[in-house]
Amino acid sequence: MIFESKIDLHLQRDSELARKKPTKIFAKFLYALTSGNYGELKEQQLFTAVAIMQELNKVMMKKGITNLQLLEVDEVVYYEDLDNKDNDLAEGMMNITLKRDHITAPEFEHMALTLSHPQDDIEYFIEIDISRIHKPNDAPIHIKIYGYIDAFKKASDESEEALKARIGSHFSSQEKYDEMVRRYRSQFDSFVSGLNFALNAQLRVKEAPVETSNVIVRPENKARAWDDSSRVRRRHYRHSNCGDVIYPLMWLSLMDNHSITPSDVTIEAPDGEELGVIAEGAEVDAAEPLLNEDIALDDALESSSFSESSTLDDDTTAASSWLSDMGDFSSDSGSSDSGSSCSSCSSCSSCSS
């Protein structure tokens, strides 16, 4: 099981962030993206996006979340932590100057960071996406939080059978299973609630609703390895070989072996695609094919009778640039003395303010 939360943040158009100059490593990040020129509208929008990213970074720092996994602007990856370094946020932000020649920053569509944070019995992964172009009423800032159970990771010298036997003790009865899920979900909810409160306070936005799901991964044909398109392989580099975090791929098998009935869960494919939802207290007959690993995933999807809610995708709805209406930067950021050209180390007075 994986725990997932989604937080959408809507900023006020008169937000102070529109005039807040990025400082320290974020000023250098902005300078590398724009070569120090912030005059044009799209570059002003980039200025605001970096300012917002800096405020989000302040929240993460206060919460002790400093392990950067991935930093990208559109399709350009500026930093990816393939070596599982700790406290590498500053290193990742400074690394962006190496890729300056490959970016067309004023035309950016989104900026994204992925961070990791182990706490208590859960390892969290936080994905932050800031979009310049979005449809009306859509949030420009999307935050996704994933929680993996640390105790269920496979040790380096542990076989898959030994892991399955160890984890299986939590599936010995419906009561024990339900209590285990409640305990870890409570820890996850507490972390997400604290992070959401800190985000709302720092960005001064209305409290954002949080959508949280208990996710069961439905592997393809009893596969016990993440493929290259999976979210773990692509994003969560702390599990770069994916060998220690295979427990979600065993979950359905363990439930079947111990006759555990799922409730209030979302079933997803390994790549994160939602396949169906089993509401709390609902009958599971409709989901039976998806819960049976002996049935190929494609066949299970065809034979499942989930009631799917339709969503309207109105392609005629015009997209809007939310940053374009967030204030005039020119008086604050149009000049070259904005602080972003500082080349000194972070210990100098101009960088430490």
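I take contact to mean heavy atoms within 4.5 Å. The model I am reading is predicted.

**Entry 1: helix α7**

The elements covering its buried residues include β1, β7, α4 (160-168), α5, β8 and α8 (288-291). I find nine of the 11 residues of α7 buried, among them Tyr-247, Trp-251 and Met-255. The helix lies across β1, β7 and β8, and I note an angle of about 70° to β8. Just after α7, Ser-259 has a positive phi of about 55°.

**Entry 2: helix α4**

I then turned to α4, one of the elements covering α7. Which residues of α4 are buried? I list Leu-163, Ile-167 and Gly-168. These residues span an arc of only 130° around the axis, so they sit on the same side of α4. They pack against α7. On the other side of α4, I find Glu-161 and Ala-165 exposed.

**Entry 3: the sheet**

I traced an open sheet of nine strands with mixed pairing, in the order β3-β2-β4-β5-β7-β1-β8-β9-β10. The edges are β3 (76-80) and β10 (274-278); each has a single partner strand, so one side of each lacks a neighbour in the sheet. On average, neighbouring strands are turned by 20° against each other, direction ignored. I checked β8 (residues 210-217) and β9 (residues 265-268): they run parallel and are joined by three bridges. One residue I followed is Ile-216, whose bridge partner in β9 is Ile-267. Helix α5 (residues 174-203) lies across β1, β4, β5, β7 and β8, and runs at about 20° to β1.

**Entry 4: salt bridges**

I count seven salt bridges in the structure.

- Glu-55 and Lys-58 meet through their side chains at 3.1 Å, N to O. They are three residues apart in helix α2 (residues 41-62), which means a separation of about one helical turn. Glu-55 is buried at 1% relative accessible area, whereas Lys-58 is partly exposed at 32%.
- Glu-158 pairs with Arg-166, with the closest N and O atoms 3.0 Å apart. Glu-158 has a relative accessible area of 15%, so I count Glu-158 as buried; Arg-166, at 34%, is partly exposed.
- Arg-224 pairs with Glu-293, and here the closest N and O atoms are 3.3 Å apart. This pair links distant parts of the chain, 69 residues apart: Arg-224 is in the loop between β8 and α6 (231-234), and Glu-293 in the loop between α8 and α9 (297-303). Both Arg-224 and Glu-293 are buried.
- Glu-123, Asp-150 and Lys-153 I record as a network of salt bridges.

Conventions: Residues are numbered from 1 along each chain as its sequence is written. This is a predicted model: local features need pLDDT of at least 70, side-chain atom pairs count only at pLDDT 80 or more; totals for chains, interfaces and linings use all residues. Side-chain values use heavy atoms; hydrogens and water are left out. Two strands pair if DSSP finds at least two bridges between them. Helices (H or I, at least four residues) and strands (E, at least two) are DSSP runs, numbered from the N terminus. Axes are lines fitted to C-alpha atoms, for helices over the stretch in contact, and angles run from 0 to 180 degrees between N-to-C directions. Buried means under 20% relative accessible area, exposed over 50%, partly exposed in between (1.4 Å probe, protein chains only). The arc is that of the directions from the helix axis to the C-beta atoms. A salt bridge is a side-chain nitrogen of Lys or Arg within 4 Å of a carboxyl oxygen of Asp or Glu.
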